[in-house]
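Colleague: Could you take me through one part of this model closely, beginning with a single helix and what packs over it, and then following the neighbouring strands outward?

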Amino acid sequence: MIFEKNSSKYYFHYPFPVAIIGVISEGSVNFMSAAWHTQISFDPPLYGVLISPKRYTNQLIQKSKMFSVNFLKYEDYKIAGYVGRTSGKEIDKVKLFNLKYSRGNVLEVPLLENAIACYECKVVDERTYGDHILYVGEILGVHYDENFYKENLSRELLLYHGNDRYTFAVTDSVKFGKDEVLEELKKSNF
Ligand SMILES: Cc1cc2nc3c(=O)[nH]c(=O)nc-3n(C[C@H](O)[C@H](O)[C@H](O)COP(=O)(O)O)c2cc1C
C-alpha cells in the first residue's frame, strides 16, 4: 500500500452515479454534472449535493433555493460531459445541446427528459465545507421510469469513474443481506 499524508486529489472511492443538477431562476434554466451527492435521510427524505461556489449553478440555487437531481442511463454519458465541461455563465446549455426538459410537479425545477429518475428538491440547509457548499434538499417529488428499474435497481445507471471516464455496473449484482448473513452464521462456527 502507498501512503500519502497530504493527498488533495483523492479519487480512490469512485465510481459515483452521475447526478445532473437542474435549476431555474429568473427565466434561466441550467444543468451541471455532479459526482458528489448523497442520500442523507429517509424521513424526511433529504438529499445532499456538493457544489463549488464557482459554478453558475450555485448562483442560480442561491436565488431559487431549489434544484432537481437527474439520473441518466449509460448511453447518455455525453450529456454529463456537455453540461459538466461547459458553464452556463458563458453559454445557454439547453439551447446549444438541445436539452429537453419539463417542469417539476411540485417545484419550479427542470426535469431532464433523458433522465431515468429525478428528484425535486427544496433547499432546507446549506453549509460551506472547504471549497464546496453542501446543499441539503428535501425531496418533495420523485419521478422514475419503470422501464429502467427492476426492484428499485438499475443496471443502466450512468456512473462517473473520474478523469472524464464513464461506466456502468457491468457485472450482475449479488444479494448478501441479513438472511444470507444468518444463513452463513448457522453453517459456520463464528
Ligand atoms: C462527471 C462530472 C462530475 C462533476 N461533479 C461535480 C460536483 O460534484 N460538484 C461541482 O461543483 N462540480 C462538479 N463538476 C463540475 C461542474 O459540472 C462543471 O464545473 C460545470 O461546468 C458547472 O456548470 P455551471 O457553471 O453551468 O454551473 C463535475 C463535472 C463532471 C464532468
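Modeller: In this predicted model, the buried residues of helix 1 are covered by a set of elements that includes strand 2, strand 3, strand 5, strand 6, strand 9 (117-129) and strand 10 (132-144). The residues in question are Thr57, Leu60 and Ile61; seen down the axis of helix 1, they fall within an arc of 100°, so they line one face of the helix. Just after the helix, Lys65 takes a positive phi of about 60°.

Of the covering strands, strand 2, which spans residues 19-25, is itself mostly covered, with six of its seven residues buried. Strand 2 pairs with strand 3 in the antiparallel sense through seven bridges, and within that pairing Val23 stands opposite Asn30 of strand 3. The two strands form a hairpin with two residues between them, and Glu26, in the turn, has a positive phi of about 45°. Strand 2 also pairs with strand 6 (residues 66-71), again in the antiparallel sense, over four bridges, and here the bridge partner of Ile20 is Asn70 in strand 6. As a general point, strands of a sheet pair through backbone hydrogen bonds, either parallel or antiparallel.

Strand 5, another of the elements covering the helix, is joined by four bridges to strand 4 (residues 37-41), and these two strands run antiparallel. In this pairing Gln39 has Tyr47 of strand 5 as its bridge partner, and a hairpin of four connecting residues leads from strand 4 to strand 5.

Between strand 5 and helix 1 the chain passes through a loop that holds Pro53. Pro53 counts as exposed because it has 11 C-beta neighbours inside 10 Å, where the cut-off for exposed is 12 or fewer. Leaving aside residues up to four places away in sequence, Pro53 touches Asn58 and Ile133. From Pro53 to Tyr82 the separation is 29 residues in sequence and 20 Å in space, taken from C-alpha to C-alpha.

Helix 1 (56-64), helix 2 (77-84), strand 3 (28-34) and strand 5 (46-51) each supply at least two residues of the shell around the ligand, and strand 3 gives the largest share, four residues. In total, 22 residues surround the ligand, the closest being Trp36, Thr57, Gly84, Ser87 and Gly88. By class, the shell comprises ten nonpolar, nine polar and three charged residues.

Elsewhere in the chain there is an open sheet of three strands, with antiparallel pairing and the order 1-11-12. Its edge strands are strand 1 (16-17) and strand 12 (165-167), each of which pairs on one side only. Strand 1 is joined to strand 11 (residues 159-162) by two bridges, the two running antiparallel, and Phe16 stands opposite Tyr160 of strand 11.

Over residues 11-166 the chain is 13% helix and 46% strand, with the end C-alpha atoms 14 Å apart.

Methods:
Residues numbered from 1 in each chain as written. Predicted model: local features only at pLDDT ≥ 70, side-chain atom pairs only at ≥ 80, totals over all residues. Near = placed C-beta within 6 Å. Nonpolar A, V, L, I, M, F, W, Y, C, P; charged D, E, K, R; others polar. Pairing = 2+ DSSP bridges. Buried ≥ 20, exposed ≤ 12 C-beta atoms within 10 Å, placed from the backbone. Contact = placed C-beta atoms within 7 Å. Arc of directions from axis to C-beta.
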